[in-house]
Amino acid sequence: MSTPAVPSPVRPAFLGGSKQLFIGGRWVAAAAGEEFDTVDPASGQVIARLARGAAADVDRAVVAARAAFEGPWSRWTPLERQRLLLRIDELMLKHAEELASIETTDMGAPITRTRNTVKWISQAIRFFASCTGAATTTTASNSLPGNVMTLNHKAPLGVVGGIIPWNGPMGGQWWTIGPALATGCTCVIKPAEDASLSILRFADILAEAGVPDGVVNIVTGYGSEAGAALAAHPGVDKISFTGSTETGRRIVQASAGNLKRLQLELGGKSPDIVFADADLDAAVPGAAMGVFANSGQICYSGTRLFVQRSVQEEFVERLQRFSAGLKVGKGLDPGVDLGPLISSRQLDRVMHYVKLGGEQGARLAAGGRRLGGELAGGYFVEPTVFAGVDQGMTIAREEIFGPVISVIPFDTVDEVLKMANDTEYGLGGGVWTRNLATAHQVSQGIRAGVVWVNCYGAVDPAVGFGGCKMSGYGWKGGLEHVESFLYRKAVYMNIAG
Ligand code: NAP
Ligand code: MG
């Protein structure tokens, strides 16, 4: 049986030129008329200029979002919003290849990954479409004595600000847009300055699918300008943020003015724990790609890889071999497993940690170098493995956000759980074992919002994930996420004559 031919990715026509802000259903220049360059991280070449939105633009976008919230959009029924979401899904799938190649060119991930992202978004959109009725249904109760009937409503919060990181913007925006469209909220999206293009391309798809003007607005620009203005804006009812813990803290402070609701998904330093009884054929690639996927630029990457001492040597050897077999290259090239890092700033950050790892006594077992040759213009780093890492070393404590694994040996369950939880973060975790009791004990024992057993990194939009400790609060995915875009209202009604 022949497999269907996979198309060769093409450089999308959308790239190039100047991109504007999307406010009230129209493309407009930033009020100050300023722009900045955005680059392809695989080459360092400028691929477009973005509007440098700032406070005045955020204000315009919030006014447009408020007007849309109070306009005809507020009278759309749940089934009409559901149909809209399904139309977006259909239209997006027609543009799947274009969207995937824009995302790859803008933020570097291999085209195989961004094609999967489009499939994942399709699932997410259909999940949000399935929630429109359930999340907003009004129920009645009559448990009070007398003739009092109580109506329990759930009403949309209003204008939601979505502040999106660069590590997967096309999918990331759906954690804001999906629940907003499902509930009848409106939103203002602030993409990351390093990767805004897929979000901008999506705006026209949303409009063509019938999203009313002002329901989704996009203000590109710098975090310290557009982002900070959105987080502080008194006309914004909620902020949905993904990014660093440090910025998350600033957003909490900025939100205090009008007591915005917040959903914060922040950094991580997640433990992934391999027991000697694990199926190593599955655990080696699974744990490796639990870090190397997206070149390590995923908040829940299992970067602290605890390996039981009796299999440690063999495991590190197999990790070395696996890493050496990975192809690092430009995301549009066929067969590439790891693309570049997002920026030269991120490259410097990762190389700084690699240097520290060596200085603090960890053994470099694989990788550790920036790639040159025809990749010298981009921000490429080899998949890197440090062995013999100690919990106290900086590379085992701080989030690197690059393709760097720290292998830490352990002996017992109690010992590894103590080390796994010895972190300020609590986002993800993993365990590899054939023993159900061990899997249960360890998954219960890890203090994190999501734990994977004999796999790593899958996210079901219908279930979702979240963090505890300094990885933030508020859940992404599932009905609970949709409901966090609503507020509750009880109406006590005396229905006596
Ligand atoms: P970041 O600064 O937290 O950026 C995330 C988003 O927040 C971007 O849209 C950013 O805009 C915006 N932002 C920045 N300062 C802001 C402010 N004062 N108020 C409101 N919004 C603001 O993260 P980063 O600089 O891209 O990366 C730094 C580190 O964050 C990474 O190395 C990694 O450790 C972590 N990170 C985590 C995730 C995750 O998924 N949890 C994702 C990305 C990064 P600009 O891009 O324009 O600055
Ligand atoms: Mg870019």
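Helices (H or I, at least four residues) and strands (E, at least two) are DSSP runs numbered from the N terminus. The model is predicted: local features need pLDDT of at least 70 and side-chain atom pairs pLDDT 80 or more, while totals for chains, interfaces and linings use all residues. Residues are numbered from 1 along each chain as its sequence is written, and ligands from 1 in the order in which they are written.

**Burial of H7.** Of the 13 residues in H7, 10 are buried, that is, under 20% relative accessible area (1.4 Å probe, protein chains only). Among them are Leu197, Arg201, Phe202 and Ala209. Just after the helix, Gly210 adopts a positive phi of about 110 degrees.

**The site of the magnesium ion (ligand 2).** Val39 (O), Asp106 (O), Asp106 (OD) and Asp194 (O) are its protein donors, at 2.4 to 2.5 Å; donors are N, O and S atoms within 2.8 Å of the metal (3.2 Å for Na, K and Ca), and because water is not among the atoms, sites may look incomplete. Asp106 belongs to helix H3 (residues 96-107) and Asp194 to the loop between strand E9 (186-190) and H7, so the pair ties together parts 88 residues apart in sequence. Asp106 counts as buried, at 0% relative accessibility.

**Surroundings of Ile88.** Leaving aside residues up to four places away in sequence, Ile88 touches Ile125, Trp174, Leu181, Phe202, Leu206, Ala209 and Val211, contact meaning heavy atoms within 4.5 Å.

Key: Side-chain values use heavy atoms; hydrogens and water are left out. Buried means under 20% relative accessible area, exposed over 50%, partly exposed in between (1.4 Å probe, protein chains only).
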